[in-house]
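Please open the model in your viewer and keep the selection tool at hand. The tour below goes from one selection to the next and says what is there.

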Amino acid sequence: MKNIVLIGFMGVGKGSVAREMVKQLGVVALDTDDIIESMENRSIKKIFATEGEQYFRDVEFKVAKWLEKSVKDTLISTGGGFYKVKNLNKIGTVILLDSPFEKIHERIINHPNAASKLKKRPLMQDLERAKVLYNEREAQYKKVADIVIDVTEKSVEEIVKEIQKKAKL
Ligand code: S3P
């Protein structure tokens with residue numbers, strides 16, 4: 001299998017979809033935020049607070065280079081800003097999980113762990129700014145994606161089925 005790279009806005013469900021794909025398809029999965037937290041031995045929140053966003057973006061670039069060079073046959077879920085790395089399409093087939101901002105926000109606040117989900121995302125602290133970021137990114141996400149999956153009102157099982165069909169897994 002060629003690598004699959006899941007992209008999309010914070011809270012759209014990249015992690016949940018990746019976990020379901022592991023369960024159903026038995027694929028090996030990695031998450032760029034998890035890799036960065038291990039490399040740095042601190043949380044994303046801490047990295048943003050102490051080093052600033054640009055530092056985090058630089059680490060994302062390093063991770064992207066490593067993924068391109070060293071990772072095969074793997075499902076890679078990414079942080080919401082990872083799509084900006086230069087070599088994204090060289091890493092694997094890029095799949096965008098897409099949904100309107102309001103639906104993503106609804107999904108986050110209805111989650112049983114909503115408070116902790118919000119707390120660990122520095123760019124989700126201010127709702128108005130998050131919406132501006134979403135509007136800035138929406139067209140760019142679509143531009144880099146090989147496949148777009150509208151995840152609105154769909155179960156993770158339905159989303160995985162659609163990915164399997166469209167990516168011919
Ligand atoms: C970010 C999304 C986060 C994380 C960081 C920055 C972004 O990942 O990488 O807080 O720029 O959209 P999730 O998409 O998993 O929340």
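Which element gives the largest share of the lining of the second largest pocket? The answer is α6, with three residues. This is a predicted model, in which local features need pLDDT of at least 70 and side-chain atom pairs count only at pLDDT 80 or more, while totals for chains, interfaces and linings use all residues. Residues are numbered from 1 along each chain as its sequence is written, and side-chain values use heavy atoms, with hydrogens and water left out.

Stay with the second largest pocket, which has a volume of about 270 Å³, and select V12, R107, V151, E153 and K154, the closest to its centre of the 15 residues that line it. A pocket here is an open set of points on a 1 Å grid over the protein atoms alone, where a 1.4 Å probe fits and protein lies on both sides within 12 Å along at least five of seven lines; lining residues have an atom within 4 Å of a point. A volume is the space filled by probe spheres set on the points, which are joined across faces, edges and corners. Two or more residues of this lining come from each of α1, α6 and α9 (156–166); helices are DSSP runs of H or I with at least four residues, and strands are runs of E with at least two, numbered from the N terminus.

Next, go to the largest pocket, where about 820 Å³ of space lies, and select D31, D33, T78, K120 and R121, which are the closest to its centre among the 37 residues of the lining.

Finally, show the polar contacts, which are pairs of N or O atoms within 3.5 Å. An oxygen atom of the ligand lies 2.8 Å from a polar side-chain atom of D33, while for R57 the distance from a polar side-chain atom to a ligand oxygen atom is 2.6 Å. For R137, an N or O atom of the side chain is 2.7 Å from an oxygen atom of the ligand.

Terms used:
Polar contact = N/O pair within 3.5 Å; in protein donor to acceptor, adjacent residues only side chain to side chain.
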